[in-house]
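Subject: Structure handover

Hello,

Here is the structure to be passed on to you. Please open it first and then read the notes below with it on the screen.

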Amino acid sequence: MRKAGTTQLRMRKARQGSSTQLRFPCLYICISIHKAEGLGGLRPEARGPGPTVAAPRTVAVFGASGYQGGSVAMALLKDGSFKVRAITRNPRKKAVQELKHLGAEIVKADLDNEKSLLEALKDVYGVFLVTDYWEYMDKDRELKQGKRVADICSQFDVKHIVFSGLENVKKLTDGKLDVPHFDGKGEIEEYFREIGARMTSVRMPDYFENFLHVFRPVKSGKEYYVLDIPMGGVPMDGMSVEDLGGVVLAIFKNPEKYIGKEIGLSTDKLKIEEYAAIMSRHTGKSIQDSKISVKEYEERNFPGAQELAKMFQFYMKQPDRNKDLTLMLNPEAQSFEEWMSKNKNAFIND
Ligand code: NAP
């Protein structure tokens, strides 16, 4: 995700674009309009100050030191159509310093602190918002954070917010299932709509990167590993979080098309045994679906086990995740097979 060398090279090339039209599209258009309207024939004093180059619009990116925000900040910086204001509570973080080297403005702010957000969101065109449920595992806190940003965006008349949302499972299932890290985001989506904000929600599926930590294959015998994911034989959507940035960039570039939409993302929808087979092929290890049940999973002794068990129950209902649209928005987004071939060495080291 953070290959500074190649990225810097590509950015340099982009900045050195060979024509004025490429580097300064607005300048090119302004000049064309002046020519078309015959303004070139006016007396100098009637021409006004001449064509001006509009500065790129600023997008504030929350979570810039993390998976989602990092991917978005990187994609926007590489593209160059927007300026990036990377928001963090700790500007000294390595990931944030890397973004600074690539041209991002770094601003210290905290989603729990309104005053800091009022400073951070001054004069922005757009906002990418991701809230982190897992830091406190507190739905009400996450909801307050989202509403706080929504209200400030409304106060500052922010033109486009891309929010990393998810379904309000509790509402969708009439209270039969509640998945707090989904429900809070669903309520934030609803709040953005209630106040009439110009918002697009992107709903991430399971990150492929989860297979490197929280859902990694676990050793179950000599050279034998299992994937403990209770999907009951139902396929599960997935995507590399690295590819979110390209999706969000395309959305920011086409506000009229995507404001008001909820976009479920996915680049692959595979059964756990199919994920396991691809992993086995790339790692040379034997990895299988353990076929763990939801009940066995929720009895696991780690924080969040019960919540994740409920999430898998919701995944079994096949929430809307649109592979065609995801690939249309980001044609370079990787399938699981492609992602595995790039990441196989990070996989099983024991
Ligand atoms: P991450 O890599 O752990 O990064 C979390 C980011 O949130 C950090 O950059 C952190 O910034 C920022 N942050 C946390 N609390 C903050 C606060 N009070 N003020 C400002 N910034 C704050 O997390 P991620 O994976 O990008 O995003 C996590 C979210 O993704 C969770 O809510 C989760 O439910 C959702 N999600 C995950 C998956 C999945 O498969 N894993 C799928 C769908 C949705 P600083 O520390 O630099 O301030």
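**The ligand and its surroundings**

A backbone N or O atom of Thr131 lies 2.6 Å from an oxygen atom of the ligand. This counts as a polar contact, defined as a pair of N or O atoms within 3.5 Å; within protein, one must be able to donate a hydrogen and the other to accept it, and residues adjacent in sequence count only if both atoms are side-chain atoms.

Before going on, note that this is a predicted model, in which local features need pLDDT of at least 70 and side-chain atom pairs count only at pLDDT 80 or more, while totals for chains, interfaces and linings use all residues. Residues are numbered from 1 along each chain as its sequence is written, and side-chain values use heavy atoms, with hydrogens and water left out.

For Lys185, the distance to an oxygen atom of the ligand is 2.8 Å. On its own the ligand has 940 Å² of accessible area, and the protein covers 87% of that. Accessible areas come from the Shrake-Rupley method with a 1.4 Å probe; for residues, only the protein chains shown count as cover.

How many residues surround the ligand? There are 28, and the closest are Ser65, Thr88, Lys93, Thr131 and Tyr207. By type, the shell divides into 10 nonpolar, 9 polar and 9 charged residues. Here Ala, Val, Leu, Ile, Met, Phe, Trp, Tyr, Cys and Pro count as nonpolar, Asp, Glu, Lys and Arg as charged, and the others, Gly among them, as polar.

Several elements each supply at least two residues of this shell: α4 (67-79), α7 (133-136), α8 (139-155), α10 (180-194) and β7 (206-207). Helix α7 gives the most, with 3 residues. Helices (H or I, at least four residues) and strands (E, at least two) are DSSP runs, numbered from the N terminus.

The space taken by the ligand is the largest pocket. A pocket is found on a 1 Å grid over the protein atoms alone, as an open set of points where a 1.4 Å probe fits, with protein on both sides within 12 Å along at least five of seven lines. A molecule sits in a pocket if more than half of its atoms lie within 2 Å of its grid points.

**Buried positions**

Buried means under 20% relative accessible area, exposed over 50%, and partly exposed in between (1.4 Å probe, protein chains only).

Why is helix α11 (residues 244-253) largely enclosed by the rest of the structure? The reason is that 9 of its 10 residues are buried. Among them are Leu244, Val247, Ile251 and Phe252.

Ala86 lies in strand β2 (residues 82-88) and counts as buried, at 0% relative accessibility. Its C-alpha atom is separated by 8.4 Å from that of Lys108, 22 residues apart along the chain.

Ser201, in strand β6 (residues 199-203), is also buried at 0% relative accessibility. The side chains of Ser201 and Glu189 are joined by a polar contact of 2.5 Å.

Glu167 lies in the loop between β5 and α9 (169-172). At 5% relative accessibility, Glu167 is buried, and its side chain makes a polar contact of 2.8 Å with the side chain of Arg321.

In helix α15 (residues 305-315) there is Leu308, which is buried at 8% relative accessibility.

**Two loop residues with positive phi**

Most residues other than glycine have a negative phi. Asp157 is not a glycine, yet has a positive phi of about 55°. Asp157 is found in the loop between α8 and β5 (160-165) and is partly exposed, at 41% relative accessibility.

Lys291, also not a glycine, has a positive phi of about 60°. Lys291 is found in the loop between β13 (286-289) and α14 (294-298). Is Lys291 buried or exposed? Lys291 is exposed, with a relative accessible area of 60%.

Regards

Key:
A residue is near a molecule or strand if one of its heavy atoms lies within 4 Å of it. On a 1 Å grid over the protein atoms alone, a cavity is a set of points where a 1.4 Å probe fits but cannot get out, and a pocket is an open set with protein on both sides within 12 Å along at least five of seven lines; lining residues have an atom within 4 Å of a point.
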